[in-house]
Amino acid sequence: MNLKATKILSLFASILILIPLYIVLHESGHALTAVLCGARITQFRILGAYMAYEGGIFTSFTLSLFHIS
(Lines give C-alpha, C1' and ligand atoms only; values in the text may rest on other atoms or scores of the structure.)
Protein backbone atom coordinates (compact mmCIF):
# COMPACT_ATOMS: atom_id res chain seq x y z
CA MET A 1 0.00 0.00 0.00
CA ASN A 2 1.26 3.48 -0.70
CA LEU A 3 1.87 6.09 1.97
CA LYS A 4 -1.22 8.18 1.16
CA ALA A 5 -3.59 5.19 1.48
CA THR A 6 -1.93 4.18 4.75
CA LYS A 7 -2.43 7.67 6.18
CA ILE A 8 -6.09 7.71 5.15
CA LEU A 9 -6.74 4.28 6.67
CA SER A 10 -4.93 5.32 9.85
CA LEU A 11 -7.12 8.42 10.06
CA PHE A 12 -10.34 6.41 9.73
CA ALA A 13 -9.12 3.84 12.27
CA SER A 14 -8.27 6.63 14.70
CA ILE A 15 -11.71 8.18 14.28
CA LEU A 16 -13.41 4.82 14.85
CA ILE A 17 -11.50 4.43 18.11
CA LEU A 18 -11.45 8.01 19.40
CA ILE A 19 -15.13 8.91 18.99
CA PRO A 20 -16.46 6.01 21.12
CA LEU A 21 -13.67 6.63 23.64
CA TYR A 22 -14.66 10.29 23.88
CA ILE A 23 -18.32 9.34 24.38
CA VAL A 24 -17.46 6.87 27.15
CA LEU A 25 -15.30 9.42 28.97
CA HIS A 26 -17.87 12.19 28.51
CA GLU A 27 -20.82 10.15 29.80
CA SER A 28 -18.66 8.70 32.59
CA GLY A 29 -18.07 12.24 33.83
CA HIS A 30 -21.82 12.75 34.14
CA ALA A 31 -22.22 9.34 35.78
CA LEU A 32 -19.42 9.93 38.28
CA THR A 33 -20.89 13.27 39.33
CA ALA A 34 -24.33 11.71 39.72
CA VAL A 35 -22.95 8.82 41.81
CA LEU A 36 -21.03 11.23 44.04
CA CYS A 37 -24.32 13.04 44.67
CA GLY A 38 -25.97 9.79 45.75
CA ALA A 39 -27.79 8.92 42.53
CA ARG A 40 -28.10 5.45 41.03
CA ILE A 41 -27.22 5.02 37.35
CA THR A 42 -30.10 3.35 35.52
CA GLN A 43 -28.90 3.56 31.90
CA PHE A 44 -25.55 4.08 30.23
CA ARG A 45 -25.42 3.91 26.43
CA ILE A 46 -22.50 4.63 24.15
CA LEU A 47 -24.67 4.48 21.04
CA GLY A 48 -26.72 7.63 21.24
CA ALA A 49 -24.49 8.99 24.05
CA TYR A 50 -27.01 8.68 26.87
CA MET A 51 -26.83 8.30 30.64
CA ALA A 52 -29.80 8.26 33.02
CA TYR A 53 -29.96 8.25 36.81
CA GLU A 54 -32.43 8.09 39.69
CA GLY A 55 -32.36 9.96 42.96
CA GLY A 56 -29.44 11.87 44.32
CA ILE A 57 -29.23 15.15 46.14
CA PHE A 58 -28.12 17.90 43.81
CA THR A 59 -27.33 21.43 44.88
CA SER A 60 -26.94 24.21 42.36
CA PHE A 61 -23.17 23.65 42.54
CA THR A 62 -23.29 19.88 41.99
CA LEU A 63 -25.89 20.29 39.26
CA SER A 64 -23.52 22.70 37.54
CA LEU A 65 -20.73 20.14 37.88
CA PHE A 66 -23.02 17.49 36.42
CA HIS A 67 -23.69 19.58 33.33
CA ILE A 68 -20.05 20.65 32.95
CA SER A 69 -18.64 17.16 33.32
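Visitor: In which helix is the place of Thr33?

Guide: The model shown here is a predicted one, and its helices are numbered from the N terminus. Residues 3-36 form one of these helices, and Thr33 lies within that range, so that its place, with helices taken as DSSP runs, is in helix α1.

Visitor: Does Thr33 count as buried or exposed, and at what relative accessibility?

Guide: Thr33 has contacts beyond its sequence neighbours, for, leaving out residues up to four places away, it touches Thr62, Leu65, Phe66 and Ser69. The cut-off for the buried class is under 20% relative accessible area. Because the value for Thr33 falls under that cut-off, this residue counts as buried, at a relative accessibility of 13%.

Visitor: In what order do the elements of the protein chain run from the N terminus on?

Guide: The protein chain holds two helices and two strands. Read from the N terminus on, these elements follow the order α-β-β-α.

Visitor: What is the radius of gyration of the protein chain, and how does it stand against the globule rule?

Guide: The C-alpha trace spans about 55 × 20 × 15 Å along its principal axes. For 69 residues the globule rule gives 11 Å, and the chain lies well over this, so it is more spread out than a compact globule, with a radius of gyration of 17 Å.

Visitor: In which sense do strand β1 and strand β2 pair, and over how many bridges?

Guide: Strand β1 covers residues 39-45 and strand β2 covers residues 50-55. Among the bridge partners in β2, Tyr50 is that of Arg45, while Met51 is that of Phe44. The two strands pair in the antiparallel sense, and the number of bridges is six.

Visitor: Which residue in the hairpin of β1 and β2 takes a positive phi?

Guide: The hairpin has four residues between its strands. A positive phi, near 95 degrees, is taken there by Gly48.

Visitor: Which residues make up the largest nonpolar core?

Guide: In soluble globular proteins, nonpolar side chains tend to be buried together. In this protein chain 19% of the 69 residues count as buried. Ala39, a member of the largest nonpolar core, touches Ala34, Tyr53, Glu54, Gly55 and Gly56 when residues up to four places away in sequence are not counted. The core has five residues, namely Ala31, Ala34, Ala39, Met51 and Phe66.

How values were computed:
Residues numbered from 1 in each chain as written. Predicted model: local features only at pLDDT ≥ 70, side-chain atom pairs only at ≥ 80, totals over all residues. Heavy atoms only, no water. Pairing = 2+ DSSP bridges. Buried < 20%, exposed > 50% of the residue type's maximum accessible area, 1.4 Å probe, protein only. Contact = heavy atoms within 4.5 Å. Rg over C-alpha atoms; globule rule 2.2 N^0.38 Å. Core = buried A, V, L, I, M, F, W, Y, C linked by side-chain atoms within 4.5 Å.
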